[in-house]
Amino acid sequence: MILVVDCREFVPGRVTGIGRFLHGLLEEIVRSRPHLTIVPIAWPEAPVPIAAPHIRVHRLPQRLTLYWDQVLLPRALRQTGATVFFSPYYKAPLTAPCPTVVTIHDLIPLRFPAYTRGLWGLRAAVFRRWAAFLARRAAAVVTDSEHSKSDLVSVLRLPTEHVHVIPIGVGEEFLPGFSPEAVASATARYGIRGPYLLAVGNFLPHKNLHRLVDAYGALPDVLRGSTALVLAGTPGGHGPARPVDQKSLLRPGVLLPGFIAPGDLPLLYAGAVALVCPSLTEGFGLPVLEAMACGTPVVCARAGALPEVAGDAALYVDPNDVGSITAGLQQILEDDALRRELSSRGLNRARLFDARKTTARLVDLLESIAGERSVSRGDAQMQRG
């Protein structure tokens, strides 16, 4: 089996969530599947972080996305003798010489009103048809949650058996027990001193940060004066998914430290009084899982896939109600016993999302599709014979 993987996400000087996922995929294959040959497709100067005898990097020049997807990529699949192609995106070649497996994490760009208003509605309609067309041509579609699967089936009209739910696993670096000195050193690097509530992610509208800031501002003075609100991350987005203006989030006690180095992120989780995730919708909610794995209590919205990820290990709030968010923040700050209980439950919950197990499920799926192709090829040869 020759598994070709789209690894465009490996970019010098930048680490993304998809890049971390691809790193874990390569690690799992090196660790447990030496019989597989894996071919990462990468940019000319991109660092591929895993090396092994059965990993053969194939590099393609950077070109316009559509040309890369539909001309260069299928050519590379033929050159490498690909048995199956895996894309961490919804995109795949129309003329792939092998089965393809695509990934659709969520349909937030199609479902959330802020991204479909005005002329962007036309863009969303085109995207819906293109994504559905590619997904139906694929041998399988991978998504992160049952919530997202439900959207894929209802919005893109995909057959339910065509969509495979494989949750995102939590990385081994997210764990409890960091020393106070290490935590203090990391938080100081970002100008954080004293107790703090933490939110992690981009600044897109569905993250609901304006309501979070308003809810924080409505806390009693004694709580707000002793506990900061840290909004960690950098603006991101494209097309209609534009980040909110960070200046509009600046209030007394609110800190915006910017990009958090990957090695520091577990330490920031560990130092927080609680992680707060007030999103109006999520296809998964990885920061919730990462925080729980570090033993940090979680306050999150009862929305999207968040209850599916957090289970009984979070304090839930109504993301549309500032008063509900304020009440949740106040409760988590004042109730020591609740924080201890949620910390314990969170650690247990996070163990259900072991990264090796979830990645192994993906590789099992890819192997099964490759096996089906081998059987069909053999049948065809027998018929010709």
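**Chat about a predicted chain**

Me: Starting with Cys300, is that residue buried or exposed?

Reply: Cys300 is buried, because its relative accessible area is 0%. Buried here means under 20% relative accessible area, exposed means over 50%, and partly exposed is anything in between, with a 1.4 Å probe and protein chains only. This is a predicted model, so local features need a pLDDT of at least 70 and side-chain atom pairs count only at pLDDT 80 or more, whereas totals for chains, interfaces and linings use all residues. Residues are numbered from 1 along each chain as its sequence is written, and side-chain values use heavy atoms, with hydrogens and water left out.

Me: How many disulfides does a search of the whole structure find?

Reply: The search finds zero disulfides in the whole structure, taking a disulfide as a pair of cysteine sulfur atoms within 2.5 Å. Cys294 is in no disulfide, and its nearest cysteine sulfur, that of Cys277, is 15 Å away. Cys300 is in no disulfide either, and for Cys300 the nearest cysteine sulfur, again that of Cys277, is 6.2 Å away.

Me: And why does Cys294 count as buried?

Reply: Cys294 counts as buried because its relative accessibility is 7%.

Me: OK, zooming out. How many helices and strands are in the chain?

Reply: The chain has 14 helices and 13 strands; these are DSSP runs numbered from the N terminus, with helices (H or I) of at least four residues and strands (E) of at least two.

Me: What radius of gyration does the chain have?

Reply: The chain has a radius of gyration of 22 Å, which agrees with the value near 21 Å that a compact globule of 385 residues would have. That radius is taken over C-alpha atoms, and the globule rule is 2.2 Å times the number of residues to the power 0.38. Along the principal axes, the C-alpha atoms fill a box of roughly 80 × 50 × 35 Å.

Me: What share of the residues in the chain is buried?

Reply: Buried residues make up 51% of the 385 residues. Contacts are counted when heavy atoms lie within 4.5 Å, and of the contacts in the chain with a separation of 6 or more, 65% are between residues 24 or more positions apart.

Me: Charges next: how many positive and negative side chains does the chain have?

Reply: There are 40 positive and 33 negative side chains, and the centres of the two sets lie 8 Å apart. Lys and Arg count as positive and Asp and Glu as negative, while His and the chain ends are not counted; the place of a charge is NZ of Lys, CZ of Arg, CG of Asp or CD of Glu.

Me: Back to single residues. Where does Val170 lie, and what does it touch?

Reply: Val170 lies in the loop between strand E7 (163-165) and helix H6 (180-189), and it is buried, with a relative accessible area of 9%. Not counting residues up to four places away in sequence, Val170 touches Leu289, Glu290, Ala293, Ala350, Phe353 and Ala355. Val170 and Phe21 are 149 residues apart along the chain, yet their C-alpha atoms are separated by 9.6 Å.

Me: Where is Ala199 found?

Reply: Ala199 is found in strand E8, residues 196-200, and it is buried at a relative accessible area of 7%. Leaving aside neighbours within four places in sequence, its contacts are Leu212, Val230, Leu231, Ala232, Leu275 and Val276.

Me: What phi do Arg157 and Asn208 have?

Reply: Neither residue is a glycine, but Arg157 has a positive phi of about 60° and Asn208 has a positive phi of about 65°.

Me: Last one: which residues is Gln70 in contact with?

Reply: Gln70 lies in helix H2, residues 65-80, and counts as buried at 19% relative accessibility. Apart from neighbours within four places in sequence, Gln70 is in contact with Ala92, Pro93, Leu94, Thr95 and Trp130. Gln70 and Pro93 are 23 residues apart in sequence and 4.9 Å apart in space, C-alpha to C-alpha.
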